[in-house]
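Have the structure open, try each task, then follow the solution step by step.

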Amino acid sequence: MTKTQKSKDNLIQNPKSKIQNRKVVILSGNNAVANALRQVDPHVYPGYPITPSTKIMETVAEFIANGKMQCEMVAVESEHSAMSAAVGAAAGGARVASATAANGLAFMWEVLYIASGSHLPIVLAIGNRALSAPINGFADHGESMGSRDAGWIQFYSESVQEAYDNIIQAFRIGEDSRVRLPVMVCLDGFLLTHTSENITMQGDDEVTDFVGPYHAEFSLLDPDKPVSHGLSDPPSYYMEHKMRQQAGMEKAREVIEEVGAEYGKRFGRPYGLVDPYCMDDAETAIIILGSEAGRVKGVVDKMREAGKKVGALRLRTVRPFPDEQIVRQLLGLKAVAIMDRSYAPGAVGAPMFQEVRSALYDYRDSAPPIVNRIYGLGGRELRNADVRNIFAELDALADGDATVPVIQMVGLRGEPAPTWEEMRPLETPIAVAAKRGK
Amino acid sequence: MEKVIERMMEVRWHSRAGQGAVTAAETLAATALREGKHVQAFPEFGPERMGAPLRAFNRISPRPIRIHGVVEEANVVIVVDSSLLGAVPVDANVAPDGVILSNTTKSVAEVRRILTLNGQKLACLDATQIAVDCFGMQKPNTPMLGAIARVTGLVALDTLLVEVEEIFSKKFPPKVVEGNIKAVQRAYQEVSYE
Amino acid sequence: MPNEQLTFASKQAEPLAGGHSLCAGCAASIIVRQVIMATEDPVVVANATGCLEVCTGIYPTTSWNVSWIHNAFANAGATLSGVESAYRALRKRGEIPEREIKFVAFGGDGGTYDIGLQSLSGAMERGHDMVYVCYDNGAYMNTGVQRSSATPLGAHTTTSPAGTLMTIGKSEIRKDMTAIAEAHGIPYIAQSSPGYYMDLMYKAKRAFQTKGAAFLNVMSPCPLGWSTEPADTLVLARLAVDTCVWPLFEIAEGEFSLTYLPLEKKPVIEWLQPQGRFRHIFKNNDEGLIDRIQADVDRDWQKLLDRAGDAIPDIAGPVRF
Ligand SMILES: Cc1ncc(C[n+]2csc(CCOP(=O)(O)OP(=O)(O)O)c2C)c(N)n1
Ligand SMILES: [Mg+2]
């Protein structure tokens, strides 16, 4: 069977779907992203293949070859050039999308900052994968977490459906005149990129209409109005330009909520910055992002059936960081674990732990004790039992158990790696609270 | 033995890379979708090497599926390549009320001696022979789907026939389509299990 | 090639305004003006990081009267690929007027021979309709004169210093970037020098007229990095040609032509002597090194003569004009 046939097969219309012009289809994450791109049909797609997001580029190429997209593909010779061409095309007034992962994103690094600093609303899908060394092709948030300060808006998708929905919203959000920033849409390598699920695919017209036409400001391609892109800033201007970038990022908070709400109104699937699950009366909770949020929610359901007041808070965006929403959800809880699928060597805990902890600082007197559980690096399997264990630890923490460690890697085989406490014993939240007389 | 599934069912396929198990898993998912179920289909993660043992997975549920990642404990195990029996642990991590369905020339009793079962059901079918008889190719996937419908009730036979007809008509001449349909029906009848 | 073909250039609007901060005697701005004025179509410029970029685009001012983009050091080729693709995409959909626009990249030797080689190679291989101009001043001048793979044998730079132990300066020969460009099979490749400005403008015009990727390698004397007099810039730009250190030729659709035959082939010593970056050679009386440089030049020049074959111009001097 040829590849062309294969991806067409994935578009099986469900005869039972009553909603006109949209269909329930089975698509892998990569295929769903490619289909969202087909519907948006950006002007230019500069790309370079890398597992696990290769299929996005291949499918887009196929759509173009079969006349289903007008998009110009630029099959560049590296990711550095992919992002460079993206910047050039976007400065030329084009709507631009691409996809990459891991080493590819790392290779783009320099230009990521140029894209955001130049306010170019490029949309980039990331099939999250671990960075080398050791080389590893599996799910891990290391690369996108590493680029979280590159000035891009970042979404982390929980499901194939959400990856599809996020791509469509990303164009609206990034291109909004209040924002004008590039957007990364992350989907976990293999767990989403290679998993086929039933999703609702909106009609092509619905998507075109939702996204709207793109009007770039300051295009290079208007010879009557020459512009200079990428001037160098003396120290007397640089900070003001960074403040402008920050303003876009701050505005993105409301724009993400607006666009997510409108998306919900039109298509029945609303989105916000965070996704609280059973948080209203929760006593303990896990914060997580990406595809394993689904597993945590499943465990929450099971534990709720047994009368446990547990909850889950999924972060949909990491940039902008939804600090207010997090604080609002966490205050009053008895204990919280932040699950990170990345880590930061030499730092105190992984990225999301650091940031949640920092968000809670001003509320420290009413904030729950929090711990960091690092999981799933390089595709290490997470199991329901791991999640249940973390909730058990949270129970202990809530009961004032001073032995619950602050930071821990989940699912380690133990040998030969030392545990976190062996490497560096940190005072536990309970021990610290006791000292502070709490 | 038609059953209606009330909870999420997890399926693990054992095959060899290049034998089309991922496509078969997708066909099973597409059939279940026709019945309004929520579905997942995914391959073993990582690079594929022709001929190497490979697993694929399905989740099929009346409710939205939120979990991702490798199936921890399968309700249904499907062995597409009989040479894998005894070669890879197809009998590991199967739910106690689960079922193992194998393509094999052996009888249920013979296969039982190869595997270690703890109460799971076992079903056997010479799917390769059916495929050869019905459409002249050594492709056991379509007959296996027919047997799945019979043994697991994950999908109904009627829906499966519609799905198979639709998929095969897109790529193959009517003779092959008919052959595949016949293979599904024959497998549905012939699969033996206890 | 009649001169009239370029007379329009004198009536062109200035693409690059004065007041930029390039050094006195820098050839880069001369090259930019001569190249851009050789087309009557509007142009979009991509500029690799380097002296030219840093000295012409400092916020909140710009010297560029044409649309210009600077992205980074290594990616002028890819950046312009993107702009040119946007142009095709937007035109295809009727979102911009049907109007001819030309695309030209300027990169220094560092941005072309070294860090930007891959990006340029990709752009040439993909055949974007663009002109890539390397202004080759033989070192990383913007960062204070470090060696590049375009730095000639024997030149002193801050990273190939002529010392007391290692006395010769750069001990490797320069890479033949023009040949590398040719190896891409693109339709137009040429080597030129602002010393012979008609040659440069003629080639720029042809490059712009070429459909697909064109590459121009242009010698760009640098008073700072070469330790030469600003007033001597064009003298050196001519000496490079007359000593056959920097021969002028073009390869159009695979057809090679020498576009200039020196009246009298001058010895390389005349080229080396006025330049401070070669001073140590003379101080050390390193005639062996001079001989080697001369031998290299002679060999390469002979190769070009052989290649030109019967097409060798029978009159000496700038043959086309
Ligand atoms: C990735 C990267 N590495 C290094 C630099 C520092 N840098 C800026 S310009 C330059 C040298 C430019 O040399 P060249 O391309 O020859 O242009 P010139 O300055 O000589 O005109 C260097 C090393 C940079 N900007 N980016
Ligand atoms: Mg230079």
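This is a predicted model, in which local features need pLDDT of at least 70 and side-chain atom pairs count only at pLDDT 80 or more, while totals for chains, interfaces and linings use all residues. Residues are numbered from 1 along each chain as its sequence is written, chains are lettered from A in the order in which they are written, and side-chain values use heavy atoms, with hydrogens and water left out.

**Exercise 1.** Find the salt bridges between domain 1 of chain A and domain 2 of chain A.

*Solution.* Start with the bounds, which come from an automatic or database domain assignment: domain 1 covers 8-267 and domain 2 covers 274-437 of chain A. Next, apply the rule: a side-chain nitrogen of Lys or Arg within 4 Å of a carboxyl oxygen of Asp or Glu. The count between the two domains is seven salt bridges. For a worked pair, go to A:Glu162 and A:Arg314, which form a salt bridge with their closest N and O atoms 2.9 Å apart.

**Exercise 2.** Work out which elements build the domain 1 side that touches domain 2 in chain A.

*Solution.* First, list the helices (H or I, at least four residues) and strands (E, at least two), which are DSSP runs numbered from the N terminus. Then pick those that each supply at least two residues: α6 (142-146), β6 (153-156), α7 (160-175) and α9 (235-267) of chain A. Of these, α9(A) gives the most, with five residues.

**Exercise 3.** Find the area buried between domain 1 and domain 2 of chain A.

*Solution.* Take the accessible area (1.4 Å probe) that the two parts lose on being put together, summed over both.
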